[in-house]
Amino acid sequence: MRIQISKDLDKKLVKEQLKNAQIVKDGDYILISKTRRISVYDTDGIVFISAHEIDYIESNKNTIYVYTRHKHYESILKLYEYLDESDQFIRINKSTVINKNSIRDIRSSLNMKFKININDQWLEVNRTYYYEFKDAIGI
């Protein structure tokens, strides 16, 4: 395993400490996989989740909610920042970004709209994002 050490840490000290390292719940350092992890908040505090775990992200009254299959979290990132995190995210309306890999069902609706099912939740793709959505999922 190769480990990248932050510039603000003493490399020799960390290397020595790693020789005697133990895995504990509340340690001096946090080892995080280099694959993109996103920090979100739940009742226990900060939690790190992978982008592929996210089903959709929703904005409601200046609060960003991140929904996974079994849980939901709050986030400090803005909706548009999730679009930069991964190409799997698509904006479907002013207040919602989805993970295109989480779509279970797509239904056409009136006036150039789609309804999509993600994790038993129906969300609406509005006219503004209609063509962008079609291009992103290849229909």
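**Reading the structure, step by step**

Reply: Asparagine 117 is buried, since its relative accessible area is 11%. Keep in mind that this is a predicted model.

Me: Why does asparagine 117 count as buried?

Reply: Buried means under 20% relative accessible area. Asparagine 117 has 11%, so asparagine 117 is buried.

Me: Where does asparagine 117 lie?

Reply: Asparagine 117 is part of strand 9, which covers residues 113-118.

Me: Which residues does asparagine 117 touch, leaving out those up to four places away in sequence?

Reply: Asparagine 117 touches Ser102, Ile103, Arg104, Asp105 and Trp122. Look at isoleucine 103. In sequence, asparagine 117 and isoleucine 103 are 14 residues apart. In space, their C-alpha atoms are 6.0 Å apart.

Me: How do strands of a sheet pair?

Reply: They pair through backbone hydrogen bonds, either parallel or antiparallel. Now the case here.

Me: How many bridges pair strand 9 with strand 10?

Reply: Five bridges, in the antiparallel sense. Asparagine 117 has a bridge partner in strand 10, namely tryptophan 122.

Me: Let's move to a hairpin. How many residues sit between strand 1 and strand 2?

Reply: Two residues, and the two strands form a hairpin. Strand 1 is residues 37-42 and strand 2 is residues 45-50. They run antiparallel, joined by six bridges. Valine 40 is opposite valine 47 of strand 2.

Me: What do strand 6 and strand 7 form?

Reply: They form a hairpin, with two residues between them. Strand 7 is residues 96-99, and four bridges pair it with strand 6 in the antiparallel sense. Arginine 91 stands opposite valine 97 in strand 7.

Me: Is strand 6 mostly covered or mostly open?

Reply: Mostly covered. Strand 6 spans residues 89-93, and five of its five residues are buried.

Me: Is asparagine 99 buried or exposed?

Reply: Buried. Its relative accessible area is 1%. Asparagine 99 is in strand 7.

Me: What does the side chain of asparagine 99 reach?

Reply: The backbone oxygen of isoleucine 54, at 2.8 Å. Now widen the view to contacts. Leaving out residues up to four places away in sequence, asparagine 99 touches Ala51, His52, Ile54, Asp55, Gln88, Phe89 and Ile118.

Me: Is serine 75 buried or exposed?

Reply: Serine 75 is buried, because its relative accessible area is 10%. Serine 75 belongs to strand 5, residues 72-75.

Me: Which side chain joins that of serine 75 in a polar contact?

Reply: The side chain of tyrosine 82, at 2.6 Å. The serine 75 side chain also reaches the backbone nitrogen of leucine 77, at 3.0 Å. Beyond four places in sequence, serine 75 touches Ser39, Val40, Ile64, Val66 and Tyr82.

Me: Now the whole chain. How many helices and strands are there?

Reply: Three helices and ten strands. Their order from the N terminus is α-β-β-β-β-β-α-β-β-β-β-β-α.

Me: What radius of gyration does the chain have?

Reply: The chain has 19 Å, while a compact globule of 139 residues would have a value near 14 Å. The C-alpha trace spans about 65 × 30 × 25 Å along its principal axes.

Me: What share of the residues is buried?

Reply: 29% of the 139 residues in the chain. The accessible surface is about 10,500 Å², and carbon and sulfur atoms hold 46% of that.

Me: What share of contacts links residues 24 or more positions apart?

Reply: 36% of the contacts with a separation of 6 or more.

Notes: Residues are numbered from 1 along each chain as its sequence is written. This is a predicted model: local features need pLDDT of at least 70, side-chain atom pairs count only at pLDDT 80 or more; totals for chains, interfaces and linings use all residues. Side-chain values use heavy atoms; hydrogens and water are left out. Two strands pair if DSSP finds at least two bridges between them. Buried means under 20% relative accessible area, exposed over 50%, partly exposed in between (1.4 Å probe, protein chains only). A polar contact is a pair of N or O atoms within 3.5 Å; within protein, one must be able to donate a hydrogen and the other to accept it, and residues adjacent in sequence count only if both atoms are side-chain atoms. Contact means heavy atoms within 4.5 Å. The radius of gyration is taken over C-alpha atoms; the globule rule is 2.2 Å times the number of residues to the power 0.38. Accessible areas come from the Shrake-Rupley method with a 1.4 Å probe; for residues, only the protein chains shown count as cover.
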